[in-house]
Amino acid sequence: PTYECHNVYIGTIVEVITRGFIDGPAGAALADNYLLKMLRSDDEDQQPNTWSFNMVISAWSKSGDWNLVQKAESLVRRLEQYHIDEGRTEKTKPNTNTYNCLIACYSRSKVRDRAMKSLRILQRMEKAADKTPNSALQADCVTYNTVMNSFAKSNEPNGP
């Protein structure tokens, strides 16, 4: 099986978490462990791509786990490093969806200053997009809506 097949499996885990058919933290851990299995594979066709990482970050965002932000941040850092280690190919390049999933984790978490942290991720994306036209980190309507949702849920008086 190729990474596409593995991604279908991870996507199914995310779906059953979303529908409540599996405990959120247990499901996210299952997806995370499966990603690790893909990373350990010697077969290049089974190595994960950006979408593999994004789905596991999404699993954590929907898990309700107390440490979901730390898990997601760790995955984003791992993807960023993996992209460098794999020769900066398009297959492993973090993209808008990567950071949208991370912002969603903040929005759904109980982390202090979650709204401001979401805003900082947005600003980092905008800065990267300014440096590189047609950047894979171009903020989209999901990005902006998720940051606004973070502020709405946080009750922070100093929103943008």
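**Exercise 1.** Which residues does glycine 24 touch, not counting residues up to four places away in sequence?

*Solution.* The model examined here is a predicted one. Step 1: with the neighbours up to four places away in sequence set aside, glycine 24 touches Ile17 and Ser63. Step 2: glycine 24 is placed in helix H2, which covers residues 24-40. Step 3: the relative accessibility of glycine 24 is 11%. Buried means under 20% relative accessible area, and glycine 24 therefore counts as buried. Step 4: glycine 87 is 63 residues from glycine 24 along the chain, and the C-alpha atoms of the two are separated by 34 Å.

**Exercise 2.** Determine how helix H2 and helix H4 are arranged relative to each other, and state which residues make the contact.

*Solution.* Step 1: the axes of H2 (residues 24-40) and H4 (residues 68-85) come within 13 Å and cross at roughly 15°. Step 2: angles under 35 degrees count as roughly parallel, so H2 and H4 are roughly parallel to each other. Step 3: the crossing of these two helices, H2 and H4, is left-handed. Step 4: H2 contributes Asp32, Leu35, Leu36 and Leu39 to the contact, while H4 contributes Leu75, Arg78 and Tyr82.

**Exercise 3.** Is threonine 50 buried or exposed, and which residues is it in contact with beyond its neighbours within four places in sequence?

*Solution.* Step 1: threonine 50 belongs to helix H3, residues 50-61. Step 2: threonine 50 has a relative accessible area of 4% and is therefore buried. Step 3: apart from neighbours within four places in sequence, threonine 50 is in contact with Leu79, Glu90, Lys91, Thr92, Lys93, Pro94, Asn95 and Thr98. Step 4: for one of these, lysine 93, the backbone oxygen lies 2.9 Å from a polar atom of the threonine 50 side chain. Step 5: proline 1 is 49 residues from threonine 50 along the chain, with 17 Å between the C-alpha atoms of the two.

**Exercise 4.** Determine how helix H6 and helix H7 pack, and describe the residues that meet.

*Solution.* Step 1: H6 (residues 114-131) and H7 (residues 141-154) pack at an angle of about 160°, and their axes are 8 Å apart. Step 2: angles over 145 degrees count as roughly antiparallel, and H6 is therefore roughly antiparallel to H7. Step 3: the crossing in which H6 passes H7 is left-handed. Step 4: on the H6 side, the residues are Arg114, Ala115, Met116, Ser118, Leu119, Leu122, Met125 and Glu126. On the H7 side, they are Thr143, Tyr144, Val147, Ser150, Phe151, Lys153 and Ser154. Step 5: the residues of this contact of H6 with H7 divide into eight nonpolar, four polar and three charged.

**Exercise 5.** What is the length of the polar contact that joins the side chains of asparagine 100 and aspartate 140?

*Solution.* Step 1: asparagine 100 lies in helix H5, residues 96-108. Step 2: the relative accessibility of asparagine 100 is 7%, so this residue counts as buried. Step 3: when residues up to four places away in sequence are not counted, asparagine 100 touches Met125, Asp140, Val142 and Thr143. Step 4: the polar contact between the side chains of asparagine 100 and aspartate 140 is 3.2 Å.

**Exercise 6.** Where do arginine 88 and aspartate 113 lie, and what is the phi value of each?

*Solution.* Step 1: arginine 88 is found in the loop between H4 and H5, and aspartate 113 in the loop between H5 and H6. Step 2: phi of arginine 88 is near 55°, a positive value in a residue other than glycine. Step 3: phi of aspartate 113 is near 65°, likewise a positive value in a residue other than glycine. Step 4: arginine 88, at 55% relative accessibility, counts as exposed, whereas aspartate 113, with a relative accessible area of 37%, is partly exposed.

Definitions and conventions
Residues numbered from 1 in each chain as written. Predicted model: local features only at pLDDT ≥ 70, side-chain atom pairs only at ≥ 80, totals over all residues. Heavy atoms only, no water. Axes fitted to C-alpha atoms, helices over the stretch in contact; angles between N-to-C directions. Helix = DSSP H or I, 4+ residues; strand = E, 2+ residues; numbered from the N terminus. Parallel < 35°, antiparallel > 145°, perpendicular 65-115°, else oblique. Left-handed = near helix turned anticlockwise from the far one by under 90°. Contact = heavy atoms within 4.5 Å. Buried < 20%, exposed > 50% of the residue type's maximum accessible area, 1.4 Å probe, protein only. Polar contact = N/O pair within 3.5 Å; in protein donor to acceptor, adjacent residues only side chain to side chain. Nonpolar A, V, L, I, M, F, W, Y, C, P; charged D, E, K, R; others polar.
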